[in-house]
Amino acid sequence: MIFHDEEFPIGFTMSLAQHPDVLRQFASLSAGEQQQIVDGSRKMKSREAMQNYVENLFHSSSDIN
């Protein structure tokens, strides 16, 4: 995971640490895809919003039945 010497938002890092399955999927993405997700995480304004963001990163609408 390379981010041009940028740090992850702390809430994003903590949420990833609580969800190893999401962390594995995130780690498998290209640097550009990872950067898009990190950029999106910077828009989260609360801990709950960050947790929801991370928990739903790789859920598609087809998962809902």
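Which residues do ring pairs link into a cluster? Select Phe8, Phe12 and Phe26: ring pairs link them into a cluster. Before zooming in, know that this is a predicted model, where local features need pLDDT of at least 70, side-chain atom pairs count only at pLDDT 80 or more, and totals for chains, interfaces and linings use all residues. Residues are numbered from 1 along each chain as its sequence is written, and side-chain values use heavy atoms, with hydrogens and water left out.

Rings of Phe, Tyr and Trp (its six-membered ring) pair if their centres lie within 6.5 Å; planes under 30 degrees apart are stacked, over 60 edge-to-face, and the rest tilted. That rule gives three aromatic pairs. Start with Phe8 and Phe26, an edge-to-face pair at 6.1 Å centre to centre, with 80° between the planes. Phe8 sits in the segment before helix 1 (10–17) and Phe26 in helix 2 (residues 20–27), so this pair ties together parts 18 residues apart in sequence. (Helices are DSSP runs of H or I, at least four residues, numbered from the N terminus.)

Now colour by accessibility: buried means under 20% relative accessible area, exposed over 50%, partly exposed in between, using a 1.4 Å probe and protein chains only. Phe8 is partly exposed at 24%, while Phe26 is buried at 0%.

Next, select Phe12 with Phe26: their ring centres are 5.5 Å apart and their planes at 75°, so this pair is edge-to-face. Phe12 lies in helix 1 and Phe26 in helix 2, so the pair ties together parts 14 residues apart in sequence.

Terms used
Helices (H or I, at least four residues) and strands (E, at least two) are DSSP runs, numbered from the N terminus.
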